[in-house]
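Here's a walk through one protein model, feature by feature. Keep the viewer open as you read.

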Amino acid sequence: MPVHTYTNWNSRPSDQVEQIEPFRKYFFICEGANTETFYFRRLIDLRKQLGIHPLIDIRLWEKTDEDRNLSFAKNLVAFAEKQKQNRENEFDYERDKMVIVFDGDIFEEKVQGYDELISQIEKTDIAVVTNPGFELFLLLHIEGSYEQWIEGHETDFLRMDEEGKYSYAYNVLRALTGMNAKKNPEIGNLADNVLIAVSQEKLINQDIHDLKGKVSSNIGNIIEEIINENPNA
């Protein structure tokens, strides 16, 4: 079983009530196995508080077994395509959207083909990218973090450490929260402040087509679109 689906969609409250099908399902699939899972599980649990339309469903496809640590965006896209074709996953090609979440840092120095990858994803799906990584988006959930920790420090975020990793965002987040974002599920509770993150994200680059060398994220932008979507409009 390559994916486990996490949703809190209540399609059948009882056998007496006619089953309601969602108008659109957003399937999130993420490069990271831990941090993103902690976050999106909490975000899904908040759907009613966020005012997401009752006919809009958000589901997280969690990779399992041998696919759990599958990363690298190209592999993730191929994996997502395979999951769409699995009938058990109930992906409706006409209405549903796949949201593919990955880090942009690997494309800063080492890997070519970013523009082609984004173009491929956007033919049918939604690309969500953070540069350098997901911890940057988590930082945006903390009130005032842009002015205090990001503005004027952009080069720090995009500088590799001695081990060749982009660890600045992770280290700042750990200092501010006291949590290891890769191991502590409580980091997902930052999703309670997602509207702060949506607002602060507008202060950094949100254009994933022009990402190289820029502290960037478009997750908040996509979440805002889902919150505002009204199938009846």
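## Ground rules

This is a predicted model, so local features need pLDDT of at least 70 and side-chain atom pairs count only at pLDDT 80 or more, while totals for chains, interfaces and linings use all residues. Residues are numbered from 1 along each chain as its sequence is written, and side-chain values use heavy atoms, with hydrogens and water left out.

Helices (H or I, at least four residues) and strands (E, at least two) are DSSP runs, numbered from the N terminus. Buried means under 20% relative accessible area, exposed means over 50%, and partly exposed is in between (1.4 Å probe, protein chains only).

Rolling a probe the size of a water molecule over the atoms shows where empty space is left. Here, a cavity is a set of points on a 1 Å grid over the protein atoms alone where a 1.4 Å probe fits but cannot get out, and lining residues have an atom within 4 Å of a point.

Which residues line the second largest cavity? They are Phe28, Leu43, Ile52, Ile58, Ile223, Ile226 and Ile227. Helix H10 (residues 219-228) gives the most to this lining, with 3 residues. By type, the lining has 7 nonpolar residues, no polar and no charged (Ala, Val, Leu, Ile, Met, Phe, Trp, Tyr, Cys and Pro count as nonpolar, Asp, Glu, Lys and Arg as charged, and the others, Gly among them, as polar).

An α-helix has 3.6 residues a turn, so residues three or four places apart point the same way. Take helix H2 (residues 73-85): its 13 residues reach 19 Å from first C-alpha to last, close to the 18 Å expected at 1.5 Å a residue (the expected span being 1.5 Å times one less than the number of residues). Ala73, Leu76, Val77, Phe79, Ala80, Gln83 and Lys84 are buried in H2. They cover an arc of only 165° around the axis, which puts them on the same side of H2; the arc is that of the directions from the helix axis to the C-beta atoms. Lys82 and Gln85 are exposed on the other side of H2.

Ser167 sits in the loop between helix H7 (154-157) and helix H8 (168-177), and is buried at a relative accessible area of 17%. Its side chain makes a polar contact of 2.8 Å with the side chain of Asp161.

What does the side chain of Asn205 make a polar contact with? One partner is the side chain of Ser216, at 2.9 Å. The backbone oxygen of Asp210 also lies 2.9 Å from a polar atom of the Asn205 side chain. Asn205 is in the loop between helix H9 (194-201) and strand E6 (216-217), and counts as buried at 19% relative accessibility.

## Backbone spots to check

A cis peptide bond joins Asn131 and Pro132, with omega about 15°. Pro132 is in the loop between strand E5 (126-131) and helix H5 (134-139).

Then go to Glu90, in the loop between H2 and strand E4 (97-103). Phi of Glu90 is near 55°, a positive value in a residue other than glycine. Glu90 counts as partly exposed, at 48% relative accessibility.

## Across the sequence

Phe27 lies in strand E2 (residues 24-30) and is buried, with a relative accessible area of 0%. Phe27 and Phe91 are 64 residues apart in sequence, and their C-alpha atoms are 8.5 Å apart in space.

Ser199, in helix H9, is partly exposed at 44%. Its C-alpha is 9.5 Å from that of Glu224, 25 residues away in sequence.

Key
1 Å grid on protein atoms, 1.4 Å probe; cavity = no way out; pocket = protein on both sides within 12 Å on 5 of 7 lines; lining within 4 Å. Polar contact = N/O pair within 3.5 Å; in protein donor to acceptor, adjacent residues only side chain to side chain.
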